[in-house]
Amino acid sequence: MTETQTKTSSPEFRAAAGAIDGLRNDLLRDVLAYRPLPPLNPGGRLIRRLPEGARKPAVWTPHALVLFAAFLVMMAGFTEWEYRLLMGLVPAIPVVMTLVRPVAAFWASLLATVFCGVLGSDGLWGPGAFLAQIVVMVVVAARTRPRTAAWMWLLTLLFGMLLEGGDPSITAPVAVLSAFALLVVAVVQIRRDAEREVTVQRTVTAVERDRRTLLEERTTIARELHDVVAHHMSVVAIQAEAAPYRVENPPPELEQAFVTIRENAVAALTELRRVLGVVRAEDYEAPDAPQPTLAVLDGLLDNVRETGLETEKVITGAVRELPQGVELSAYRIVQEALSNSLRHAPGASARVELSYVLGGLGLRVVNGPPRGLVKPSPGAGHGITGMRERVAMLNGEMTAGATADGGYEIAVFLPVPLSDLPEPRGTAGGDADTVVVERDGRA
């Protein structure tokens, strides 16, 4: 490697090349680009607080401030009695240009400074040129980025020293005042960018959290359904194997049919375990007890009552055994709804309503407003997400929202085809219009 190549690849050279490239991108490329200053967001937090009639003109506040600054620059230039019209208008033009062509406005401001310095009697930085340069740099920095502000400040300092024969004292007031102004603008920009980045990250985090919650809930549902379906498929396989022995001298066709049924059941069970088994965690253990159904809902309500939540159960219609997936989902929905009541409405009472109809199962859980001194626990809404997943899995419908008295209501309908409905197992009264109400475990 030659010495030239070593210098070319050195960190100092790369830093200098990057700085020059930044100057070229910020102040030399697309100098005349048309970049109109956009109005403020009408939905901003400051504009939203204004009266309705003042919101529309308020979005043009930045434009009005720039035009007012141009007016002040023009008034400052009028102090020069000779050529007072030119001394006022020329430096004000770059200020107005910042509304549409910010980069060109900076270079126009330097030219206006030279023009005023030649015609004026106050030297290079007359009142109009002084104020115009500060305003232009502030507006352009606010419309671009902090790096551009640094380049403008440095170029202004070099520009003043060059025209004043290398004497920095004449340009020092402009350099000091502009440095403070640009520093404030840069701090505001950095803070605004940081807030925007935090907002983006929070949004991404919330989306990822919701997605993770959704996947976790689907995994839980898949595990439970795996246990339910695996149990039934095992029963089918065992019954198919034992069925030929219950018939004396069964025909070969019947034996072969039962063999085929058993083989298909075993194959389906193996495939089910292979596909759905991947959702199990390494430390997951299948429950020893069967998955819960609505038949054991009273045990859940008793446990909830022990924690201090007053519950009431209402059953309407002819109680019947539903498909196990429907019963399991209904049980889990009631369980999660009561858990939400404990967390978000301490001291309130809850009501669980089950409506058995021909088309399926209606489910409603409603709690009153929180009472007492215990504060509600914050939640991320994961329970509602899980309920919706279970309802969507069964092609059901669900609504959830606050009630008029400050409580919360969850209403679900789980459809069940008539062909899937077994015979009713009866109610306390044995008729389809029976209503059973239980409060605190007492009917």
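Buried means under 20% relative accessible area. The legends below apply this cut-off to a predicted model.

**View 1. Glu-327, a buried residue of helix 12.** Glu-327 belongs to helix 12, which spans residues 324-344. Its relative accessibility is 2%, so Glu-327 counts as buried. A polar atom of the Glu-327 side chain lies 3.0 Å from the backbone nitrogen of Leu-294.

**View 2. The buried residues of helix 11.** Helix 11 covers residues 297-306, and its buried residues are Leu-297, Leu-300, Leu-301, Val-304 and Arg-305. These residues lie on the same side of helix 11 because they cover an arc of only 140° around the axis. In an α-helix there are 3.6 residues a turn, so residues three or four places apart point the same way. Gly-308 follows helix 11 and has a positive phi, near 105°.

**View 3. Phe-106 and Trp-107, an edge-to-face pair.** The structure holds two aromatic pairs. In the pair shown here, the ring centres of Phe-106 and Trp-107 are 5.3 Å apart. The planes of the two rings stand at 70°, and planes over 60 degrees apart count as edge-to-face, so the pair falls in that class. Phe-106 has 0% relative accessibility and therefore counts as buried. Trp-107 has a relative accessible area of 29% and is partly exposed.

**View 4. Trp-125 and Phe-159, an edge-to-face pair.** The rings of Trp-125 and Phe-159 have centres 6.3 Å apart. Their planes are at 75°, so this pair is edge-to-face. Trp-125 sits in the loop between helix 6 (102-119) and helix 7 (127-143), whereas Phe-159 is in helix 8 (residues 146-163). The two residues are 34 residues apart, and their pair links distant parts of the chain. Both Trp-125 and Phe-159 are buried.

View 5. The protein has a mean pLDDT of 78, and 79% of its residues reach 70 or more. Over residues 1-7 the pLDDT stays under 50. For residues 1-7 the model has two contacts beyond four places in sequence. Residues 425-432 also have a pLDDT below 50.

Conventions: Residues are numbered from 1 along each chain as its sequence is written. This is a predicted model: local features need pLDDT of at least 70, side-chain atom pairs count only at pLDDT 80 or more; totals for chains, interfaces and linings use all residues. Side-chain values use heavy atoms; hydrogens and water are left out. pLDDT is the predictor's confidence in each residue, from 0 to 100. Contact means heavy atoms within 4.5 Å. Buried means under 20% relative accessible area, exposed over 50%, partly exposed in between (1.4 Å probe, protein chains only). Helices (H or I, at least four residues) and strands (E, at least two) are DSSP runs, numbered from the N terminus. The arc is that of the directions from the helix axis to the C-beta atoms. Rings of Phe, Tyr and Trp (its six-membered ring) pair if their centres lie within 6.5 Å; planes under 30 degrees apart count as stacked, over 60 as edge-to-face and the rest as tilted. A polar contact is a pair of N or O atoms within 3.5 Å; within protein, one must be able to donate a hydrogen and the other to accept it, and residues adjacent in sequence count only if both atoms are side-chain atoms.
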